[in-house]
Amino acid sequence: MSDNKPLVLDVDGTFLNTDMLFENFWAGLGQAPIATLKICATHFRTPARLKQELAALVTLRTDLLPVNPQIKAVAEETLSSGREVVLASASDQVLVEQLARDHGLSPRSFASDGRTNLKGDAKADALVQAYGEGGFHYAGDNKVDRAIWQHADGVLIVGNHPKLASEMTAAGKQVAEYPAGWKARNLIRALRPHQWVKNVLLFLPVLAAHNFTLPVLLMVLLGMVAFSAAASSIYIVNDLLDLEADRLHVKKRHRPFAAGKVPIRVGMITGVGLALLALGIGAYLGWAFLLVVTVYMVLSLAYSLRLKRMRWVDIATLASLYTLRVVAGAAASGVVASGFMLVFIFPVFITLGCVKRLTELTLATSDERLPGRGYGRKDREDLLNVGGLGVAGALVIFFLYSFSEQATMLYPTRWLLWVGLIPLAWWLIRMLRLGYLGKQDYDPIVFAMTDKRGIGILLILLSLMFYSAGLWQQWLGF
């Protein structure tokens, strides 16, 4: 394809490893959710108008959108040879022109204008009118692009479309193929399976009640599956809402959706499927568990849409989400979660929420507020103080619990519970210190599950509690 004919590039799925309509939808949902949903409901049947309204609603950072490196290289090589590289897309004109400027491509572009959805035959007619029959080369990635390739001189096919390639070759076209697509392992990464370890919190009521019967444990395991599915569905929503913020983050920019390694459409379908799975298991486990998992998903969604941007409210919400896992464990197993336990774990999770933000601020590369968050480095001391209050609150409540009727019944050797305050304080203060120094993972719960020294401290605490309850003696046959 060494002639002087222009190279015309489709945008979504060809020049970009994403789709600008979906990008615009999720940006709008994050910034103006009510207006975005209203636009979608009103103009669902008129896609050109829908795209125009969404593009006008929010400012999309087209310079951050993930580019197909192979097609970008072809575009640069074409430009260096003196030929024109033009974008032609069904996306809105404003966004397409902006994208062309970002990458130094031709100011002339073809796109939807609010009246015409420039796709398939409509795009073919526009290009033939501009360049004549066979007067251009065209790169696309979809069967709908057949209508344009039939009128192009050169055909660039992005993705695995062997039948289309054979058809175009048989028609006498110059055909070049470029591999594309997504891998299942990247979708699995987006589910964040390493975060499922948090759901061991569902075992806390069983552990506190010393009820380790097999039926109870199986119900809790099933509850963990439901919460893992629910959490992963929300992780997907969170990643889609945070696309721009993640692309500005030194590490999060490599997340599958932000990096364009998994299509947004695939993420949306997967998220809905996981949510339905969580609710289905919840219904099987009973109305109480179903209610808890529903509240968890609604609160998580509210957190993703708004609450995480609100200082202090976000930490209280994180603590509530962790606490709901404990409540869910009680609902799944039928074990009653004591009020003391729920009151005790909330300040613990407040501390861990502060640890999460302290870690992010310490590892931040500037003094600006964290992207999509309400905190800057000047808030580190306040976060440390609030975390310290959480530590103090947890220790006081644990001490008061040792005098409760339940504790007297379950832990005859009460003084060992008081000794347990030492490893508990040690673990919490250590977590707070490591967060302040930026020496742990962005998620403190995940870090805690892999931190050997911290696990050792927690095992000391559990050993003291088990010995106080006489469980070691029972298990060892003393």
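Select α16 and α19 to begin: α16 passes α19 in a left-handed crossing. This is a predicted model, so read each stop as part of a prediction. α16 covers residues 339-363, and α19 runs over 414-436. Look down the pair. Their axes come within 7 Å and cross at roughly 25°. Angles under 35 degrees count as roughly parallel, and α16 and α19 are therefore roughly parallel to each other.

Which way does α17 run against α16, parallel or antiparallel? The axes of α16 and α17 cross at roughly 160°. The cut-off for roughly antiparallel is over 145, so α16 and α17 are roughly antiparallel. Their axes come within 8 Å. The crossing of α16 and α17 is left-handed.

**The nonpolar patch**

Now show the surface. Colour F340, V396, F399, L400, F403, W415 and W418. Together they form a nonpolar patch, with about 690 Å² of accessible area. α17 gives the largest share, three residues.

Zoom in on F399. F399 sits in helix α17. Its relative accessibility is 35%, so F399 counts as partly exposed.

**Salt bridges**

Hide the surface and show charged side chains. How many salt bridges does the structure hold? The count is 18. Side chains of opposite charge can pair when their charged atoms come close.

Start in helix α3, residues 47-57. Select E53 and R49. They form a salt bridge, with the closest N and O atoms 2.9 Å apart. E53 and R49 are four residues apart in α3, which means that about one helical turn separates them. E53 is partly exposed at 25% relative accessibility. R49 is partly exposed too, at 35%.

Next, select D63 and R61. Their side chains meet in a salt bridge, 2.9 Å from N to O. D63 has 41% relative accessibility and counts as partly exposed. R61 is also partly exposed, with a relative accessible area of 32%.

Move on to R115 and D113. Here the closest N and O atoms of the salt bridge are 3.2 Å apart. Is R115 buried or exposed? R115 is exposed, with a relative accessible area of 70%. D113, at 28% relative accessibility, counts as partly exposed.

Select R192, D239, D246 and R255. Salt bridges that share partners join these four residues into one network.

**A loop residue**

Select R309. Where is R309 placed? R309 lies in the loop between α14 (287-305) and α15 (313-333). At 26% relative accessibility, R309 counts as partly exposed. R309 and P66 are 243 residues apart along the chain, and their C-alpha atoms are separated by 25 Å.

**The whole chain**

Zoom out and switch to cartoon. The chain comes to 22 helices and six strands. Its C-alpha atoms fill a box of roughly 90 × 45 × 40 Å, taken along the principal axes. Colour by accessibility to finish. Of the 478 residues, 53% count as buried.

Conventions. Residues numbered from 1 in each chain as written. Predicted model: local features only at pLDDT ≥ 70, side-chain atom pairs only at ≥ 80, totals over all residues. Heavy atoms only, no water. Patch = residues over 30% accessible without salt bridge, like charges linked within 9 Å, V, L, I, M, F, W, Y side chains within 5 Å. Areas by Shrake-Rupley, 256 points an atom, 1.4 Å probe, with all protein chains shown as cover. Helix = DSSP H or I, 4+ residues; strand = E, 2+ residues; numbered from the N terminus. Buried < 20%, exposed > 50% of the residue type's maximum accessible area, 1.4 Å probe, protein only. Axes fitted to C-alpha atoms, helices over the stretch in contact; angles between N-to-C directions. Parallel < 35°, antiparallel > 145°, perpendicular 65-115°, else oblique. Left-handed = near helix turned anticlockwise from the far one by under 90°.
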